[in-house]
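Trainee: I would like to go through this two-chain model with you. Can we start with the terms and then take the parts in turn?

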Amino acid sequence: MTQIFAYVPFKNGVAEDVALEFPGAAKKIDAGASVTAVVTGSGADLDKVAGELTKVYSEVIKIDNAAMAYPNAEVVRKALTNIIPAGAIVLVAHDTFGMDLAPGLSIKLESAYAADVVDFEGMDGSTLKIVRQELGGAVSTHVTCDASAGAVLTIRPGTFAPVDGSASGAVVDKSGDAGDLSAKRTFLEVVEAEVGEVDITKSDVLVSIGRGIEDEDNIEIAQELADAMGAVVSCSRPIVDAKWLEKSRQVGTSGQTVKPKVYMAMGISGSFQHMGGIKGNPFIVAVNKNPKAPIFQVADVGIVEDILEFMPALQEAIEAL
Amino acid sequence: MEILVCVKRVPDTAENEFELNSEGNDLDRDDLVYSVNEWDNYAVEEAIQIVDNLGGSITVVTVGDDEAEEVLRREMAMGANNGVLLSDEAFEGSDGKGIATILKAEVEKGNYDLILTGAQADEGAGQIGGMLAAMLDYPYASLVNKIEPADGKIKVGREIEGGNQEMNEIELPCVLSIQTGINEPRYVGIRGIRKVASVDIPVKGAGDLGLDAGSVGEAGAKIKRVDYFVPDLGDGAEMLEGSTDEIVEKLIEKLKAKGGL
Ligand SMILES: Cc1cc2nc3c(=O)[nH]c(=O)nc-3n(C[C@H](O)[C@H](O)[C@H](O)COP(=O)(O)OP(=O)(O)OC[C@H]3O[C@@H](n4cnc5c(N)ncnc54)[C@H](O)[C@@H]3O)c2cc1C
Ligand SMILES: Cc1cc2nc3c(=O)[nH]c(=O)nc-3n(C[C@H](O)[C@H](O)[C@H](O)COP(=O)(O)OP(=O)(O)OC[C@H]3O[C@@H](n4cnc5c(N)ncnc54)[C@H](O)[C@@H]3O)c2cc1C
């Protein structure tokens with residue numbers, strides 16, 4: 001029987017949403033597999049999350065050690081390497097912690113590695129069939145993964161349907177098996193993101209610009225459209241990387257999470273890290289000059305035009321209303 | 001500080017409309033425009049700034065075919081001192097672990113304090129840096145957006161969810177994957193590229209690196225790509241068509257209905 005372990009990330013004693021998505025992913029790998037949750041941390045927060053997870057998983061392994069009070073990937077990797085049996089499949093979230101942990105974990109477990117999986121199409125013997133995306137979501141690909149010596153797989157948060165917790169599992173304490181947890185990397189502190197002048201999370205309508213804006217001077221065009229609509233200008237990451245707008249205007253997993261009524265994506269390709277910051281199912285309008293842009297798969301309304309010409313035209317028409 | 005920066009030649013997402021080939025199993029690669037992976041430019045820029053402050057030298061390395069040499073030259077035009085191309089028929093079909101195994105062999109030929117990779121490349125895996133570090137038993141930090149060198153150690157900031165920054169202290173030698181935004185990569189003009197056009201770039205194969213051909217390439221790969229496809233995600237967006245004026249008119253009606261105006 002396939003043994004699957006899901007490494008569950010949590011904050012302040014509460015599991016991340018992906019905790020409910022791992023069982024669905026596991027079922028798509030092998031409907032008959034046993035699925036065990038693994039949580040690492042320290043003290044009351046860890047006990048709280050482990051307890052909660054018994055409603056979802058029949059077995060929850062907890063590893064309690066002060067060295068993991070803050071999740072340092074090097075330390076967690078050592079603990080997992082000592083606890084996960086050879087040949088197992090390990091599921092990890094493809095988030096900033098998973099990206100830190102999982103590639104190295106696969107080396108230490110001497111197993112295969114596939115990242116940012118968006119779907120599974122079952123197992124054929126010990127060969128797993130996986131769906132991934134490449135080139136910022138522009139194309140999808142089927143890959144096979146030889147899991148005969150186990151596999152570490154990161155799954156994209158939010159892509160597998162969540163299960164409802166109806167289990168009544170048990171917590172197994174494996175803190176004693178974690179082994180040597182010394183590390184060459186030491187966590188110091190978390191520096192919170194700066195608060196900006198404009199709070200994009202408060203606006204019902206966002207005119208959001210991406211790399212398609214082409215030039216810093218063109219931001220004015222978006223600002224004028226936003227003014228006409230009573231909206232606020234937000235943006236994708238490359239605009240912040242180029243220092244054209246401040247970080248607090250960035251929508252996405254490494255920026256702000258917004259819940260507007262209407263989201264106007266102007267020259268944005270639609271990467272999952274960008275779309276991950278848009279919640280509450282807004283009405284999404286995408287304007288992009290590339291008819292194959294991935295954003296058209298997730299938008300409500302799509303328009304194939306040059307934003308530098310389309311935005312002024314829309315602004316003028318709105319002002320004439 | 002001796003720094004090695006790993007770079008990859010990738011199809012440029014800004015310059016291409018990706019289409020499948022006539023068999024529908026691969027990209028139509030005939031007219032693809034390639035460039036260096038976006039993240040790798042930030043890694044090279046960071047290396048240049050560190051060496052400007054502390055001295056040392058920068059080597060850029062890639063695993064690829066003959067054409068991959070152009071990305072090494074580009075990064076040398078930016079300011080990297082040396083380039084190395086790792087190329088061999090035996091490398092074909094390598095999965096991420098295979099690429100990391102090849103890079104590890106090259107790392108062991110040198111004496112590097114710091115190894116930089118991009119946070120991710122075209123395949124979106126973000127795997128090579130973490131694998132390489134684990135193979136070398138070096139410490140690793142991913143998604144690095146700040147580096148402050150100190151004696152025998154460095155302080156690094158990692159970008160975590162919500163744009164917060166996680167500060168860590170990490171021993172040298174180490175491997176770091178660099179996130180965009182850490183700096184502003186310098187511009188490379190045609191003149192810069194010309195200056196390095198005739199610099200010799202050594203090419204090393206499996207034999208030179210002491211690699212067993214079975215551990216890399218197709219033979220060693222546990223991950224194999226079967227095909228490319230365009231997913232059927234249901235209806236997708238309702239596309240508004242017509243003249244710009246007509247589209248604007250239709251859009252305004254929809255925006256009114258949805259609370260956008
Ligand atoms: C760990 C991590 C976290 C990340 N976090 C975020 C995040 O929080 N937010 C975020 O946005 N990204 C994030 N990214 C980056 C993300 O992967 C993408 O690189 C980014 O979202 C791309 O931005 P874009 O769509 O503006 O640019 P591109 O992907 O370059 O797309 C530009 C689009 O504009 C179109 N275009 C060009 N010119 C015009 C024109 N004149 N008119 C109309 N259309 C035009 C093009 O066809 C293209 O579709 C993150 C990446 C990583 C690795
Ligand atoms: C010669 C060759 C043959 C290949 N054959 C196949 C194949 O048959 N089937 C298949 O599925 N895949 C194949 N690949 C793809 C290979 O699996 C990927 O290069 C590997 O998985 C890393 O790419 P990534 O986009 O996942 O990198 P990521 O881990 O996302 O990239 C992060 C960083 O790692 C470094 N890096 C990545 N790739 C390289 C590289 N090649 N050289 C130096 N540094 C690098 C860069 O710093 C990059 O920014 C081949 C690649 C090469 C070079």
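Mentor: One term comes up throughout. A polar contact is a pair of N or O atoms within 3.5 Å; within protein, one must be able to donate a hydrogen and the other to accept it, and residues adjacent in sequence count only if both atoms are side-chain atoms. The model is predicted, so local features need pLDDT of at least 70 and side-chain atom pairs count only at pLDDT 80 or more, while totals for chains, interfaces and linings use all residues. Residues are numbered from 1 along each chain as its sequence is written, chains are lettered from A and ligands numbered from 1 in the order in which they are written, and side-chain values use heavy atoms, with hydrogens and water left out.

Trainee: Which residue has a polar side-chain atom 2.9 Å from an oxygen atom of ligand 2?

Mentor: Start with the surroundings. Ligand 2 has 25 residues around it, counted by a heavy atom within 4 Å. Among the closest are B:C6, B:D40 and B:G126. The polar side-chain atom at 2.9 Å from a ligand oxygen belongs to B:K8.

Trainee: Which residue puts a backbone N or O atom 2.9 Å from a nitrogen atom of ligand 2?

Mentor: Backbone atoms of chain B also approach ligand 2. B:G93 has a backbone N or O atom 3.2 Å from a ligand nitrogen. For the distance of 2.9 Å, the residue is B:V63.

Trainee: Which chains surround ligand 1?

Mentor: There are 29 residues around ligand 1, and A:S236, A:Q250, A:S254, A:S269 and A:Q273 come nearest. The site is shared between chains, because the residues that surround ligand 1 come from chains A and B.

Trainee: Which residue has a side-chain N or O atom 2.9 Å from a nitrogen atom of ligand 1?

Mentor: A:K289 has a backbone N or O atom 3.1 Å from a ligand nitrogen. A:I307 also uses a backbone N or O atom, at 2.9 Å. The side-chain atom at 2.9 Å is from A:D306.

Trainee: What area is buried between chain B and chain A?

Mentor: Contact means heavy atoms within 4.5 Å, and by that rule 74 residues of chain B are in contact with 81 residues of chain A. B:K222, B:I223 and B:F229 supply 9% of the area that chain B buries there, more than any other three residues. Buried area is the accessible area (1.4 Å probe) that two parts lose on being put together, summed over both. Carbon and sulfur atoms give 57% of the total, which is about 6900 Å².

Trainee: How many salt bridges cross the interface of chain B and chain A?

Mentor: A salt bridge is a side-chain nitrogen of Lys or Arg within 4 Å of a carboxyl oxygen of Asp or Glu. One joins B:R225 and A:E134, at 3.1 Å from N to O. Across the interface the count of salt bridges is eight.

Trainee: Which element gives the most to the side of chain B that touches chain A?

Mentor: The interface has 42 residue pairs in polar contact, both at pLDDT 80 or more. Helices (H or I, at least four residues) and strands (E, at least two) are DSSP runs, numbered from the N terminus. Elements giving two or more residues to this side of chain B include α1 (38-54), β12 (223-229) and α8 (244-258). With nine residues, the top contributor is α8(B).

Trainee: What is the bridge partner of A:T144 in β12(B)?

Mentor: β9(A) and β10(A) pair in the antiparallel sense over eight bridges. β10(A) also pairs with β12(B), antiparallel over six bridges. There the partner of A:T144 is B:K224.

Trainee: Which peptide bond is cis, with omega near -5°?

Mentor: Look in the loop between β9 and β10 of chain B, the place of B:P173. The cis bond runs from B:L172 to B:P173.

Terms used. Two strands pair if DSSP finds at least two bridges between them.
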